[in-house]
Amino acid sequence: MINYDYIVIGAGSAGCVVANRLSQDPGTTVLLLEAGNPDTKPEIQIPAECVNLPGTEVDWGYFSEPEPYLNNRKIFCSRGKVLGGSSSINFMTYIRGNPQDYDRWQSLGNPGWSYQHVLPYFKKSEHQQHGASEFHGIDGELSVTDTITPTVIAQRFVDACVAVGYDYNPDFNAKQQEGAGRYQSTIKDGKRHSTAAAFLVPILDRPNLTVTTGALVTRLLFEGTRAVGVEYLHEGTLHQVRVNQEVILSAGAFDSPKLLMLSGIGDAAQLQALGISVVVDLPGVGQNLQDHILVPMAYQATQDLHFASTSSIGEAGLFLHTEGNMNVAPDLQFFFCPIALPLPGYTQPEWTFTGAVCLTHPENVGQVSLRSSSAKDAPVIRMNYLQREADGQKLATGIRILRRLFHSSAFDEFRGEEIAPGEEAQTDEALIAYIRNTANTVWHPVGTCKMGTDPMAVVNPELRVHGVEGLRVVDASIMPTITTGNTNAPTIMIGEKAADLIKTVA
Ligand SMILES: Cc1cc2nc3c(=O)[nH]c(=O)nc-3n(C[C@H](O)[C@H](O)[C@H](O)COP(=O)(O)OP(=O)(O)OC[C@H]3O[C@@H](n4cnc5c(N)ncnc54)[C@H](O)[C@@H]3O)c2cc1C
């Protein structure tokens, strides 16, 4: 059996970063196993095609169970299954979150994860178009850029926000998160800059790095409580590989807990019920699932908006706190998109623009569990979106804010009819009904292998799995609480910091 110093499972946002950093030392051997195929699908490279990637062959195609507070709809839980993982199919918006997110992680029992501690890791990965500063780096691999060919209407969104009294924010990832401005994206020279493109493709010639695609990891191998290797299915054959140092699980917020449970780490009673031998009774595995939920509102445009293929769809946005409290992180994030987003039940013309409001800190918590003891089965996902009445009310407030913005004079030359929810939906009752019918995930699941030291924590602040040796989880699943905004940049930061933690030991 072949031995590697490190085995990284999953070449997604975090896994590509970890594999890159660990293989920097030519004396260290690294195996990166990815279930998906290389990122050769042409649409992956074209930013505006991002809306057409979920649900294709580069997606795991997961659905939630019927969501009780969303009229029992099964929500499509898109996840990249390809080199680059979800960073190869995501919408590329670069948002780090709010400094308070990380200070909170630290205060929950995770020393070393405050904003001051993690800021250097955000900067480390970054190649910022506007140059280096207190908040930005230019020496990293990941290109963070403005839209090359912005639409006029996206600027009108920012103008409308300023006209109604919100701050103009030139940079959501610097001093202040609140306010309206243009989003930056992980795009380089007009093409998607996934973590595969940024961190993996340039180093594929390192002789100490082996990347195997089409490799579905089925379980981790243990001797006692020490992880000693991995079993995976490749081209119809089961293989086993051994590890000298550590296994790093970076399979994402659905598949990392799934693999832990398949390998005997999880709630003992549930594992035994499926006939899985228990290695460690760790009841937090798969719990604490958090995600962002979004509601779109669509208008007919009176003219062609000239949306270009080099743009990601979220060109402009706004962060605010519904109670105007600048001392806490924003509770709403808005996206302005110069195109139609999927809205089942509504007919949208070719020229459509969309405003979408997203809850940054929804109160629902869900869980991921095993459907069976087979690695080939999709996990059971329960989100419980909009379980709390207050969350629905906040989204209704968001729709009213969007309406006000779209009725400002900045939109006069573009505004046609309101398509969804439609002018007739004015009361709280009507808006909440629309929300329960159309709200959707923004695909930011986190938290299912949360970091901490309480009984429900899965990994410690060094991301080692409690109760076992030689195993860490490094991906979005380790977040104890969800960040204020999109989750790709925070996950890349987690990869950077984890690599340093791992190297410190070696
Ligand atoms: C459609 C969509 C749009 C999004 N838009 C944005 C956005 O605009 N901005 C933003 O910041 N965030 C966005 N996100 C979220 C962001 O992309 C994710 O939070 C982030 O990529 C998660 O990184 P990860 O490393 O945790 O998991 P992933 O990147 O999903 O990586 C997990 C990897 O593990 C592999 N894997 C899983 N199981 C196995 C197994 N058993 N064996 C081998 N390999 C396995 C997967 O195939 C995948 O490659 C979006 C996500 C989606 C799906």
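Helix α4, residues 115–125, packs against helix α11 at an angle of about 100 degrees, with the two axes 9 Å apart. That makes α4 roughly perpendicular to α11, a label that covers angles of 65 to 115 degrees, whereas under 35 counts as roughly parallel, over 145 as roughly antiparallel and the rest as oblique. Axes here are lines fitted to C-alpha atoms, for helices over the stretch in contact, and angles run from 0 to 180 degrees between N-to-C directions. Helices are DSSP runs of H or I with at least four residues, strands are runs of E with at least two, and both are numbered from the N terminus.

Before I continue, two remarks on the model. This is a predicted model, in which local features need pLDDT of at least 70 and side-chain atom pairs count only at pLDDT 80 or more, while totals for chains, interfaces and linings use all residues. Residues are numbered from 1 along each chain as its sequence is written.

Which residues of α4 meet α11? They are Val118, Tyr121, Phe122, Lys124 and Ser125, and their partners in α11 are Ala489, Ile492, Met493, Glu496 and Lys497; contact requires C-beta atoms, placed from the backbone, within 7 Å. Nonpolar here means Ala, Val, Leu, Ile, Met, Phe, Trp, Tyr, Cys and Pro; charged means Asp, Glu, Lys and Arg; the others, Gly among them, are polar.

Gly112 lies in the loop between α3 and α4. Gly112 is exposed, with 12 other C-beta atoms within 10 Å. Gly112 and Lys497 are 385 residues apart in sequence, but 9.7 Å apart in space, C-alpha to C-alpha.

The axes of α9, residues 389–406, and α10, residues 428–438, come within 9 Å and cross at roughly 105 degrees. These two helices, α9 and α10, are therefore roughly perpendicular to each other. Gly392, Leu395, Ala396 and Ile399 in α9 meet Asp428, Leu431, Ile432 and Ile435 in α10. This contact of α9 with α10 has six nonpolar, one polar and one charged residues.

Next, the ligand. The shell around the ligand holds 43 residues, the closest being Gly10, Gly12, Gly85, Asn486 and Asn488; a residue counts as near if its C-beta atom, placed from the backbone, lies within 6 Å. Two or more residues each come from α1, β11, α7 and α11. The largest share, four residues, belongs to α7. The shell divides into 19 nonpolar, 19 polar and five charged residues.

Is α7 enclosed or open? Since 11 of the 11 residues of α7 are buried, α7 is largely enclosed by the rest of the structure. Gly264, with a positive phi near 95 degrees, follows α7.

Finally, some backbone details. Most residues other than glycine have a negative phi, and most peptide bonds are trans. Asn384 has a positive phi near 60 degrees and is found in the loop between β21 and α9. Leu463 also has a positive phi, of about 70 degrees, and counts as buried, with 23 C-beta neighbours inside 10 Å. The peptide bond from Ala420 to Pro421 is cis, with omega near 5 degrees, and Pro421 lies in the loop between β22 and α10.

Definitions and conventions: Two residues are in contact if their C-beta atoms, placed from the backbone, lie within 7 Å. A residue is buried if 20 or more other C-beta atoms lie within 10 Å of its own, exposed if 12 or fewer, and partly exposed in between; C-beta atoms are placed from the backbone.
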